[in-house]
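Trainee: I would like to go through the wording used for this structure. Please set each term against its cut-off.

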Amino acid sequence: MGNMSDLKYTLRTKEEILKSYYGYSSFREGQEELIDCLLSGQDVCGIMPTGAGKSVCYQVPALLMPAVTLVISPLISLMKDQVRALNQMGVHAAWLNSSLSFAQYKKALEYAKEGRYKIIYVAPERLLTEGFLDFAQNASISMLAVDEAHCVSQWGQDFRPSYLKIPEFLSRLSARPVVGAFTATATKEVRNDIVSMLGLENPHVTVTGFDRKNLYFEVRHEKDKYRAIRAYLSSHPGQSGIIYCATRKAVEEVCDRLNGDGFPATRYHAGLSDEERRKNQEAFTYDEAPVMVATNAFGMGIDKSNVRFVLHYNMPKNMESYYQEAGRAGRDGAAADCILFYSGQDVITNQFFIERDRENEELTGEALELVRSRDRERLKKMTFYCHTTDCLRDYMLRYFGEYGGSFCGNCGNCKTGFETVDISLIANDLIGCVLTSGMRFGINAILDALRGSRSEKVLRFGLDQNRYYGSQAGQTIVFLRQVCQYLILTEYLAVTDDQFPILKVKEKGLTFYSEDGELRPVLTMKAARKTTQPPAGAGASAGQPQTGAKTHRNGASRPGSAPFEELRSLRTQIARREHVPPYLVFSDKTLESMCVLLPQNKEEMLAVHGVGELKYQKYGEPFLALCRKLAGESEEF
């Protein structure tokens with residue numbers, strides 16, 4: 001290795017690193033203990049929500065350690081984002097993956113051997129290649145950080161066989177470095193897999209919690225999803241966000257319609273060429289097209305901090321995926337919206353994907369069926385999320401094994417006054433229809449029969465002859481589906497795990513059912529017939545105060561306000577001049593903090609969240625001048 005002192009990493013404490021490079025005055029929950037353990041030579045496993053600062057946990061010790069740090073990362077986009085951010089901060093970093101030509105890769109390895117880099121991001125597929133092994137076996141490596149560590153578990157939602165190469169890579173090094181594993185999405189089972197399969201030695205495990213208080217959650221049952229999304233974008237002009245769709249076809253349709261309606265949107269899915277995906281991602285990153293319409297192929301590890309909303313045009317297949325995708329909003333800590341637009345077809349689409357799984361082709365027989373069975377169970381719990389009338393945040397936290405309050409005050413359900421409705425007769429008819437039809441049909445067929453539908457399936461299977469046919473013709477399909485889901489949630493009914501799920505009556509339902517209709521018990525539920533108070537806008541979700549911000553000049557710190565927009569305009573000018581994404585200049589939360597504090601000198605500017613010495617040297621003066629101007633204007637009011 002070359003002389004590391006040439007890299008000018010002269011700061012001596014983690015606190016100095018945090019303030020000078022990142023502009024933060026204090027560590028977030030869990031960060032400091034993980035950093036201290038790594039610096040002392042102890043392996044760690046950090047489970048922290050998206051946006052909680054996992055990268056700080058290995059980047060800070062990397063800058064204090066004597067030799068190079070390797071970061072194993074699964075996606076090229078993740079590496080590029082983080083390396084670009086590090087280089088912006090003055091840290092010498094590089095990536096080694098398939099996006100480099102042979103000549104570029106060879107040159108990067110040469111620089112690595114010369115000790116030019118403090119942090120190197122590498123794809124797991126490269127670990128055991130001859131060229132990389134030759135470098136690694138002759139290098140002094142202080143730390144190996146494994147990002148998105150849940151990918152090592154075949155029971156996780158993003159299993160990648162290439163992650164199984166990590167233990168062998170470690171065993172072939174001349175000296176084992178300290179190892180840190182980090183992820184945002186890990187149930188207890190996956191967490192145990194990470195520790196055992198990566199061979200972590202007596203690791204310190206930190207689980208900071210999954211709650212992201214700055215995120216507003218809501219589920220909407222809309223007949224016209226596109227119209228609802230268009231209305232949302234119209235009320236949030238200029239803001240950056242992601243719209244997730246389940247299929248490539250939906251991505252193309254939504255993106256084309258948005259562009260036709262004048263919204264600057266781009267697209268991302270696996271069917272596009274590498275060049276188009278790269279071009280579209282850069283347009284989104286640089287805010288040239290602030291709205292990204294994408295499948296789940298987009299986003300793992302994307303570090304764009306000013307994403308103010310994540311809208312789901314379709315329901316994901318499990319809570320892990322939804323939590324990870326929604327968590328790409330508000331990474332800067334400012335308020336952001338996560339809204340899921342649900343329809344019953346989403347369940348069918350996800351069932352199709354589960355039965356035709358192509359992600360784990362190396363699994364066969366019982367192992368494959370076990371994975372599918374678990375995927376079906378995850379899909380059920382995701383579907384329940386879309387129908388529950390309880391606190392959405394609490395439902396999500398409980399899924400990941402946390403238990404908090406039943407009222408968060410910042411989700412669609414907590415902001416809604418639900419009506420308690422007597423569903424005794426509807427429930428009786430629904431259970432009766434399932435029983436008298438021999439428990440041979442799925443939800444859609446049963447609900448169609450109750451509504452008196454003349455659909456081909458209803459007529460073909462003789463459901464029009466069922467005694468309960470048309471008994472609930474006056475109810476909407478949406479409300480009947482809510483009742484059905486409630487009965488499943490409360491274990492009156494159950495849905496099988498078959499490829500074509502069948503509705504069954506459980507013991508509790510048999511006890512409740514009355515054949516002659518004379519119902520003894522009364523059954524009620526909180527109806528989802530609701531008028532939801534919409535979020536007041538990302539950065540000011542309904543009832544949600546600005547995270548870490550004081551009220552200033554009637555909301556001057558909020559996106560959309562004149563002072564904020566002036567600061568954002570300056571940020572855009574600088575970003576274009578330097579050819580970097582705007583959020584790498586300053587995050588939205590930093591701009592909000594400037595609006596609140598309106599610093600008048602360097603000392604006050606360094607007190608702004610996200611402004612460190614290095615950022616001030618690069619960008620501080622023009623922003624300070626604008627803040628002085630804004631302060632003068634505010635005194636006129």
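Mentor: Start with two helices. The axes of helix 12 (residues 319-326) and helix 15 (residues 392-399) come within 11 Å and cross at roughly 120°. Axes are lines fitted to C-alpha atoms, for helices over the stretch in contact, and angles run from 0 to 180 degrees between N-to-C directions. Helices (H or I, at least four residues) and strands (E, at least two) are DSSP runs, numbered from the N terminus.

Trainee: What makes helix 12 oblique to helix 15?

Mentor: The angle does. Under 35 degrees counts as roughly parallel, over 145 as roughly antiparallel, 65 to 115 as roughly perpendicular, and the rest as oblique. The crossing is at roughly 120°, so helix 12 is oblique to helix 15. The crossing is also left-handed: the near helix is turned anticlockwise from the far one by less than a right angle, whereas clockwise would be right-handed.

Trainee: Which residues make the contact?

Mentor: Helix 12 gives M319, E320, Y322 and Y323, and helix 15 gives Y395, M396 and Y399. Contact means heavy atoms within 4.5 Å. The set divides into 6 nonpolar, no polar and 1 charged. Here Ala, Val, Leu, Ile, Met, Phe, Trp, Tyr, Cys and Pro count as nonpolar, Asp, Glu, Lys and Arg as charged, and the others, Gly among them, as polar.

Trainee: What kind of model is this, and how are residues numbered?

Mentor: This is a predicted model: local features need pLDDT of at least 70, side-chain atom pairs count only at pLDDT 80 or more, and totals for chains, interfaces and linings use all residues. Residues are numbered from 1 along each chain as its sequence is written, and side-chain values use heavy atoms, with hydrogens and water left out.

Trainee: Why does I574 count as buried?

Mentor: Its relative accessibility is 2%. The cut-off is under 20%, so I574 counts as buried. I574 sits in helix 21 (residues 562-578). Leaving aside neighbours within four places in sequence, I574 is in contact with V585, Y619, P622 and F623. I574 and Y619 are 45 residues apart in sequence, yet 8.2 Å apart in space, C-alpha to C-alpha.

Trainee: And why is E16 called partly exposed?

Mentor: E16, in helix 1 (residues 14-22), has a relative accessible area of 29%, so it is partly exposed.

Trainee: What makes strand 3 and strand 7 the edges of their sheet?

Mentor: The open sheet has 7 strands in the order 3-4-2-5-6-1-7, with parallel pairing. Strand 3 (93-96) and strand 7 (204-207) each have a single partner strand, so one side of each lacks a neighbour in the sheet.

Trainee: How do you know that strand 1 and strand 6 pair?

Mentor: Pairing needs at least two bridges found by DSSP. Strand 1 (residues 44-47) and strand 6 (residues 178-183) pair in the parallel sense over 4 bridges. C45 has A181 in strand 6 as its bridge partner.

Technical notes: Buried means under 20% relative accessible area, exposed over 50%, partly exposed in between (1.4 Å probe, protein chains only).
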